[in-house]
Amino acid sequence: MHSPSPRSLVDLPIRRLNRGDLVPCADLCEDRGWPRDEHRWGLLLSAGTGYGIDAPDGKGLAATCLTMPYGSDLTAVGMMLVAGRYARQGIARRLMRHVMEMVADTPLALYATKQGQPLYEDLGFSPVGRAERVGGRFEAIGSGGSPAVSASVAPSSSALPSSASSVTTRPAAADDLQAMIRLDLPVFGTDRTHLLARLPAFSDRLQVAEEHGELVGYAALWPSGQAAVVGPLIARDTPTAQALVAALATTTDRPLRADVDARHKELLGWLTEHGLEPLSRTTVMTYGIPDLPGDATRRFAPLTVATG
C-alpha cells in the first residue's frame, strides 16, 4: 500500500479527542520516545480540549494537539505530536492553524522544543522565556551526612538557606483548595480553578507551605513514566520553593523531574547541588500577548508544559 502523499495528509479530517483515545494518545507518545503518560492524558482530556487526526493506515493516531483554556484570557497549547512515519509532511502546521481558528482572538502560549520552534515562529508566535528541564535522584544531605528533610516541615538550615526556617510545609487538606486558588490567581495571571480542583486526585502528593498560618506556596508531585514530576510549583520566594521540593522528595523513591522557569537560576543551582541534572530546554512562546500574564517571580514550574 502506498503511503499517503503530503497533499492527502493535510486534507485528513481533524476531530475532538475524548477519554476513549487515552491508549492511542499514549501510543503516539511512545512512538516519539516520550513516556506513555496515560495518567497525564486523562487530566488533559478532562480539563482541556484535545484534537487529533486518525492515521490513514488505520493504526491509531497520526497526530494530536491539546488546548487548555483559561477563559478568554489565555489558552495554552501542548502535546503537539506527529507519528514518526508522518513527520515533516505538514500535519503539525495543519493542526496548529486549526487550533488558532478554534480559539479565535484568545491569546495563546506554549512551550516549544527546538524542533518545533521554527514552525511556531512562522505562525506568528514570539519567544518570551525559557524553561529548563532537570531530573535525577534528589539528594537531601544535612550535617553529618544524614537526611535534613521532613515531609511535614521545612528542611533544616543545613539543607536550606536560613530565610526558609520560618516556613513549614505539610500535606494539603481539602479546605486548602480555596487558599491555593487565591494564591495562584495573581501568580498564574488567570483563573485555573478547573485545573487546580483536579490536583488532589491527580497528584501522588500535594504539599502546601505556610508562614504564621498564611499559605505562601504549594506544589504537586505526580507520576510520569519512571519519574515523579514536581509541578506546579508556586512559591513566595526561592527558599519556600526549595522547602516544598525537599518535602516532596521525601515522599517518593522515584527520580524527580521538573520544568523550571530559567529565570529562577538560584533554584536551578540548588537542584543541581542536590543531584538533579539538566535534561533539555524549551522556549516559552506567546501569540497575541507580549508575555505570559501573572507574576514570574513566584511561578517556578508549570504543572506540565502542556498546561502552560
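I began with the second largest cavity, where E5 gives the most to the lining, with 3 residues. The model is predicted, so local features need pLDDT of at least 70 and side-chain atom pairs pLDDT 80 or more, while totals for chains, interfaces and linings use all residues. Residues are numbered from 1 along each chain as its sequence is written, and side-chain values use heavy atoms, without hydrogens and water.

I needed the terms next. On a 1 Å grid over the protein atoms alone, a cavity is a set of points where a 1.4 Å probe fits but cannot get out; a pocket is an open set with protein on both sides within 12 Å along at least five of seven lines; lining residues have an atom within 4 Å of a point. A volume is the space filled by probe spheres set on the points, with grid points joined across faces, edges and corners.

**Second largest cavity.** I noted about 90 Å³ of space. Its lining includes Leu-74, Ala-76, Tyr-111 and Arg-299. E4 and E5 each supply at least two lining residues. The lining has 9 nonpolar, 1 polar and 1 charged residues. Nonpolar here means Ala, Val, Leu, Ile, Met, Phe, Trp, Tyr, Cys and Pro; charged means Asp, Glu, Lys and Arg; the others, Gly among them, are polar.

**Largest cavity.** I counted 3 cavities of 30 Å³ or more. The largest has a volume of about 110 Å³. It is lined by 15 residues, and Tyr-111, Asp-261, Arg-299, Ala-301 and Pro-302 are the closest to its centre. I sorted the lining into 9 nonpolar, 1 polar and 5 charged residues.

**Largest pocket.** I found about 1000 Å³ of space here. The lining has 37 residues; Trp-34, Met-80, Thr-113, Gln-115 and Gly-116 lie nearest the centre. Which element gives the largest share of this lining? E4 does, with 6 residues. By class I got 17 nonpolar, 10 polar and 10 charged.

**Helix pair.** I turned to H9 (residues 238-249) and H10 (residues 265-273), whose axes come within 10 Å and cross at roughly 35°. Axes are lines fitted to C-alpha atoms, for helices over the stretch in contact, and angles run from 0 to 180 degrees between N-to-C directions.

Definitions and conventions. Helices (H or I, at least four residues) and strands (E, at least two) are DSSP runs, numbered from the N terminus.
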